[in-house]
Amino acid sequence: MVAHNVNPLQATGQLPPVEWLNAPATRIVTQALTAHGAEIRFVGGCVRDALGHRQVKDIDLATPDPPDQVMALLRQAGIRVLPTGLKHGTVTAIVDHQHFEITTLRIDLETDGRRAEVAFTDDWLEDAKRRDFTFNALSANLAGEVFDPFSGLWDLAHGQVRFIGSAHDRVAEDYLRILRYFRFYGSHGRPPIDSEAIAACRAFANKLTEISGERVQSEFMKILCVADPAEILIKMKGAEVLHVILPEAGDPGVLRLVNWLETRAVIIAGVSPDPIRHLGALICETTTNVQELARRLKLSNRDQNRLQLICDPPVAVTADMGELAETKALRAYGIEQFIDFALIQWARELYAQTHLPPNRKKIWVELLERAVRWSTPTFPLTGQDVMALGIEPGPKIGNLLAAVETWWENHSYTPSRQECLNRLFDEANRL
Ligand code: ATP
Ligand code: MG
């Protein structure tokens, strides 16, 4: 049941009071864009999320002015502007470190599933038609009046993720919409899932291999952080989508528990859902070739290294590993990676056993609390201290320092500088 017969050109709603609508940075940008009288609107996620009473991440605006005019207006107002996607009509304005994406109203002239040939227009309805889902076609003018050409508000309120027009045709235009469908179903959808949309995703799933790794990664990382990622991944598997983008995916049971720990079981500032940790939890039982996965999904070196360590942990982080081993692991791998090891191990434990000792949770929580509070101690000696003993520059300096550092580490980083100097003196005499 969908409410229709809405005049798409008339405002039919109002944004709730949201801070960003009249914030100084927003006003600076909107005043610049309207200096010559253009009618501009907020579009996309900020309107949808304001209406859904969710936190708004970034602000997207649309204007009938062509991109060169947009750049000129912004520059005239002294605003920094980046030509982010000029060919597709998008520029980014930066005010007070905040980014505003401004896109010229456009029509897709030609599509091949991977990219679109676009033309600029001044027709708001045409621009809305090329958007993916009804609630992503919502827009709002500067007074906060909402335009809703495809009953997106109704769908938003009822958890309906609905393609504008035929699901099959819209997916054929842009295969990335398969992943966007699952992402928005994960963040906004309510069962039952739409069988027509699933059929369209299934029909074009194999085409996802033709989409660039960066675009797939960006959507997939968001899927990994929806409220219940394991549930969505099961749906993606059912639609034969998951194995196309992630053949390495294993049983999502550990991921489900990691997510439950992060969002429900432990309330610790610094422990929250993380896409790379979730990816690790999903593949760690099956994957040997992280390098190949990282290449395919265009992961950064940092993310690749982190994932590699999750899949092949060099240290066994457990609730009762002992404080010394704990601090050594924290110092060697850092807090973020330590939390990855701990949460995944804890989730594995929960997955494997139903009868854990009653104080088990307490021990894990205390471990995590110590981890987030951890600050890396600095080893109090340097090569200068070794040379001050009259030792010639060379490998002996490094060896001596390493020996004292290991001793200092084994004493839980408590020995003072003077105690380390004494130890160094002893070591140097022994060699
Ligand atoms: P987020 O909160 O993640 O930024 P968003 O809806 O703003 O969500 P974006 O990827 O920033 O998502 O896109 C902005 C808007 O552009 C969307 O709301 C939608 O209207 C449109 N859009 C983005 N990608 C597509 C696509 N592949 N096909 C059709 N419309 C799209
Ligand atoms: Mg956005």
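The protein chain is split into domain 1 (11–157), domain 2 (164–242), domain 3 (246–376) and domain 4 (383–430), with bounds taken from an automatic or database domain assignment. Between domain 2 and domain 4 the C-alpha centres are 57 Å apart.

This is a predicted model, in which local features need pLDDT of at least 70, side-chain atom pairs count only at pLDDT 80 or more, and totals for chains, interfaces and linings use all residues. Residues are numbered from 1 along each chain as its sequence is written, ligands are numbered from 1 in the order in which they are written, and side-chain values use heavy atoms, with hydrogens and water left out.

The mean pLDDT (the predictor's confidence in each residue, from 0 to 100) of the protein chain is 94, and 98% of the residues reach 70 or more. Over residues 1–5 pLDDT stays under 50. Where pLDDT is low, the predicted coordinates should not be read in detail.

Around ligand 1 there are 17 residues (a heavy atom within 4 Å); Arg-48, Asn-136, Asp-174, Arg-177 and Arg-183 come nearest. The table gives polar contacts, meaning pairs of N or O atoms within 3.5 Å.

| Residue | Part | Distance to an oxygen atom of ligand 1 |
|---|---|---|
| Gly-45 | backbone | 3.1 Å |
| Lys-57 | side chain | 3.2 Å |
| Arg-183 | side chain | 2.8 Å |

Taken alone, ligand 1 exposes 590 Å², of which the protein buries 82% (Shrake-Rupley method, 1.4 Å probe).

Methods
Contact = heavy atoms within 4.5 Å. Polar contact = N/O pair within 3.5 Å; in protein donor to acceptor, adjacent residues only side chain to side chain.
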